[in-house]
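Here are my notes on the model you sent over.

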Amino acid sequence: IPLLNNMIINTEAGDYLIESSNKIFRKIDERSAQPGISLLEKQLSGRYQGLVAYYMMEEAIEEGLFSDGFASAFNKVTEVASADLDHFVKAPYSEGLLQDLCRDDRDRELIYRIIDSIFERAAQLVSVIFTAVHIKLGKGRNPTKPMAITIAGSTYYKSDMFRNKLHYYVKKFINEEHGFYNEILHVDHANLIGSAMAALLN
C-alpha cells in the first residue's frame, strides 16, 4: 500500500525448509504425505502437535518412564489430537484420552512435561520467525508504532499454554533482547482478506 508506506506480508513461514536433528521430527516428515516439504510447519504447527506428543510418549514408554498400566493402555491408542493436549493441560484429572491412560500422578506429570516441552519449542520457533521479520523490515523499533502481526490457525487462540509461552518470548527475546515491538491482532479470515486487498490494489 504505497500511500501508507506499509506492506501486508503473508510469510507462509511453515514452508521454510528448516531441518531438525530431532529424530521425532524427522520421523514425522518421513511418514508425511509430502516428505521434505513444509519442514518448519511440521515442527510447530498445531496440526502436528498431537503427532509429536504421540511419538514422544511412545519413546518414553520404550525408556520405561511410564507405568506398565499406561504402556498397556497406550497400545490401543492410534492417534492423539492437538485438542487432547489442551484438554489435558486444562484438566489433567478429568476424563479424556490422555487422562484415561494415566495410572498415577507420575504418569500425569510426564504427560504434562511432554506437552509443556512441545509448546515451549513451538513458542521459541515462532518468536524467532517474528524477530526475523522485524530485522528484515526494520520495523517495530518504536513501541508506540509496533509492527502488526496476525496469526492464522487456532492453536494460538485455543491453547492458553502456548499463547502464554509465546507472549513470554515476545517480551524476553523480541522486546528486551532485540528491541523490537509488535502487536498480535486477531483478524478473521486474514489470508482471504489479504488476498482480496492485494487483488483490488493491483
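Predicted model: local features only at pLDDT ≥ 70, side-chain atom pairs only at ≥ 80, totals over all residues.

**Notes on the model**

1. How H3 meets H7. H3 passes H7 in a right-handed crossing, meaning that the near helix is turned clockwise from the far one by less than a right angle. The residues in this contact split into nine nonpolar, two polar and no charged.

2. Residues are numbered from 1 along each chain as its sequence is written, and side-chain values use heavy atoms, with hydrogens and water left out.

3. The angle. The axes of H3 (residues 46-62) and H7 (residues 105-137) come within 10 Å and cross at roughly 135°. Axes here are lines fitted to C-alpha atoms, for helices over the stretch in contact, and angles run from 0 to 180 degrees between N-to-C directions. That makes H3 oblique to H7; under 35 degrees would be roughly parallel, over 145 roughly antiparallel and 65 to 115 roughly perpendicular, with the rest oblique.

4. Who touches whom? On the H3 side you'll find Gln49, Val52, Ala53, Met56 and Met57, and they meet Ile111, Ile114, Ser117, Ile118, Phe119 and Ala122 in H7. Contact means heavy atoms within 4.5 Å.

5. Have a look at glutamine 49, which lies in helix H3. It counts as buried, at 3% relative accessibility (buried is under 20% relative accessible area, exposed over 50%, partly exposed in between, with a 1.4 Å probe and protein chains only). Leaving out residues up to four places away in sequence, glutamine 49 touches Leu44, Ser82, Leu85, Ile118, Phe119, Ala122 and Thr155.

6. Aromatics. There are seven aromatic pairs, a pair being rings of Phe, Tyr and Trp (its six-membered ring) with centres within 6.5 Å; planes under 30 degrees apart are stacked, over 60 edge-to-face and the rest tilted. The tyrosine 168 and tyrosine 169 rings have centres 5.0 Å apart and planes at 80°, so this pair is edge-to-face. Tyrosine 168 is partly exposed at 46%, whereas tyrosine 169 is buried at 14%. Ring pairs also link Tyr54, Tyr55, Phe66, Phe70 and Phe74 into a cluster.

7. The whole chain. It has 10 helices and two strands, which are DSSP runs numbered from the N terminus (helices H or I, at least four residues; strands E, at least two). Of its 202 residues, 39% count as buried.

Conventions:
Nonpolar A, V, L, I, M, F, W, Y, C, P; charged D, E, K, R; others polar.
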